[in-house]
Structure formats: C-alpha cells, structure tokens
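Please look over the structure shown here before reading on.

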Amino acid sequence: MQHLSAYEKVQLARHPQRPYFLDYVQHLCTDFIEVHGDRKFGDDPAIIGGFAFFRGQPVCLIGIQKGRDTKQKVYRNFGMPKPEGYRKALRVMKLAEKFRLPILTFIDTPGAYPGVDAEERGQAEAIAFNLREMSILRVPILATITGEGGSGGALAIGVGDRVNMLEYSIYSVIAPEACSAILWRDQLHASEAAEALRLIPEDLKRFGLIDEIIPEPDGGAHNDHAGIAKRLGAVLEGQLKELKDASTEKLLELRYQKFRAMGVFGE
C-alpha cells in the first residue's frame, strides 16, 4: 500500500475499525487498573489513565479512547479530550513518577475539544501545563500515535523520550479539511492540504520529529488488532530496555535536547 496518497493515509488513520487504546491494553497488558478524575472538576472518558503490567513490568498507561457505536462515541466525546482529561492524565503521570514507573501513552484524537465549556475550564492552559510538566518527569516516557495525532490535543500527552507512529497514522497541527477551509475557503482541497502538511510518518521521521515507524499488517491495523499490538509491543519493549539504565539527569537532558532541536533550520 506504499502507493497511497497522503489523504488516503489520513482516511486509513481514521478507519472506524482501527484498534483503540483499550484494544491495545487488552492485547499488551495484564491487570489494568484505571484511575478516574482530575480532582479539580470531573472525569473525562475521552482520556483513560491507569496502571498495568507490560511484559511483566509495571507501567503507567495513558490513552485517548474513541467509541465504536454512537453511544460510545458520544460518551468518549469522539476522542476529543477536555481540560479535565489532560489534568487527569498528568495526575496519573505524577503517580507514575512517584513510584518510578515508565509511562506509555497512546494517541488517537482529531484534537482537543474546542467547545465553550472546555475553553471556560482552561483548555489551552491544561495542554500547556502538560507540555511543561512532561518535559521534566523523571521517568521514561514512550509516546505512540496509533491513529490521528491532532495538534495540541495529541501533543499534550506526546512529549516522550521516544515518539512512535504506526505506518498509517498521521500527526499534524491541523486537519487537512480545516486547512483547506482556511486556505481555499472550502474543504474540496483536503487532498492537496494533506500533501502540503507533511503529516505522514515518513515525512515526520525525516524531519526528526518522531523516532520509529511501526509497520502495519496487510491492509492496515484494522485488519489485525493482535498483529499490530504484537509489533508495537516489541518496539516498546526494546525502547524500555534502551532507557532503563539511563540516569535521571541523562534522561532529562536528552529529552530537552530532542525537543529543542525541533524546528531548527539553516539557510
């Protein structure tokens, strides 16, 4: 499927049968215990956080969950977190730091929820606070984009020592349709926008924005949930081994240098 256009890969990233966060938890982990609420406002079902065992090792898991049917989609807010979701995620990550547990995040969102209620409760502040705090968490962080990686809504749990993308996932500051609407005043040029945005894994790795591209089973991850989970699990296990012996100071310095280098260019 290497001949696919960028916009065709966008559509694959949005396929309704792709595995979601809880599917990966089921295939990769055991004894998952979910933590609810941000202790400030409420519990956001669009973001799930908790603790489990991964390959025999205790880990912290944070993931954005979409829904399968209409009822689930509404309950999960179509995978668009609100401020309390990001605050809950950080609360769980702080617990992981306290107990020296590595953090695995799974990103699949069209973006943070843009509604009035989210803005009233400080959506931008919640995302910015997560960016700052994740940059100084004293434990390894592995972030994986499994479907859509939409703007700050994805980045809010995407500051990792390793950032991975599935083969048919996307990561972009704006959706192609929204970009088309801004530049061309309609959504008819979404395909052109997708090409210009450089949102597919191959481009992002070339720019140094991600570390690993995980090949998907034939036809895409939606065809084989267990297969893609096995491939992702092998990558995560290897990355955890790479990072486990790094001192806290080295870990933080490398993370700082990794993200400071993004966007640097010369003429």
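In this predicted model, Ala52 has Val59 in strand 3 as its bridge partner. This pair belongs to the antiparallel pairing of strand 2 (residues 47–54) with strand 3, which extends over 8 bridges. The two strands form a hairpin with 2 residues between them, and Arg55 in the turn has a positive phi of about 55 degrees.

Strand 3 also pairs with strand 4 (residues 103–109); here the strands run parallel and are joined by 4 bridges. In this pairing, Ile62 stands opposite Thr105 of strand 4. Strand 3 itself covers residues 57–64 and is mostly covered, with 6 of its 8 residues buried. As a general rule, side chains in a regular strand alternate between the two faces of the sheet.

Helix 1 (residues 6–13) is largely enclosed by the rest of the structure, because 6 of its 8 residues are buried. These buried residues are Ala6, Tyr7, Lys9, Val10, Leu12 and Ala13. They pack against strand 5, strand 7, helix 8, helix 9 and helix 10.

Charged side chains provide a further set of links, for the structure holds 20 salt bridges. One of them joins Asp23 to Arg68, with the closest N and O atoms 2.7 Å apart. Asp23 lies in helix 2 and Arg68 in the loop between strand 3 and helix 3, so the pair ties together parts that are 45 residues apart in sequence. Asp23 is buried, because its relative accessible area of 19% is under 20%, whereas Arg68, at 30%, counts as partly exposed.

Another salt bridge connects Asp117 with Lys82, the closest N and O atoms being 3.0 Å apart. This pair links distant parts of the chain, since Asp117 is in helix 5 and Lys82 is in the loop between helix 3 and helix 4, 35 residues apart. Asp117 is partly exposed at 24% relative accessibility, while Lys82 counts as buried at 18%.

Asp203 is buried, with a relative accessible area of 12%, but Arg206 is exposed, at 55%.

Finally, the surface carries a nonpolar patch formed by Ile182, Leu183 and Trp184, which together have about 310 Å² of accessible area. Ile182 is found in helix 8 (residues 176–184), and is exposed, with a relative accessible area of 51%.

Technical notes. Residues are numbered from 1 along each chain as its sequence is written. This is a predicted model: local features need pLDDT of at least 70, side-chain atom pairs count only at pLDDT 80 or more; totals for chains, interfaces and linings use all residues. Side-chain values use heavy atoms; hydrogens and water are left out. Patches are made of residues with over 30% relative accessible area and no salt bridge: like charges are joined within 9 Å, nonpolar side chains (Val, Leu, Ile, Met, Phe, Trp, Tyr) within 5 Å. Accessible areas come from the Shrake-Rupley method with a 1.4 Å probe; for residues, only the protein chains shown count as cover. A salt bridge is a side-chain nitrogen of Lys or Arg within 4 Å of a carboxyl oxygen of Asp or Glu. Buried means under 20% relative accessible area, exposed over 50%, partly exposed in between (1.4 Å probe, protein chains only). Two strands pair if DSSP finds at least two bridges between them. Contact means heavy atoms within 4.5 Å.
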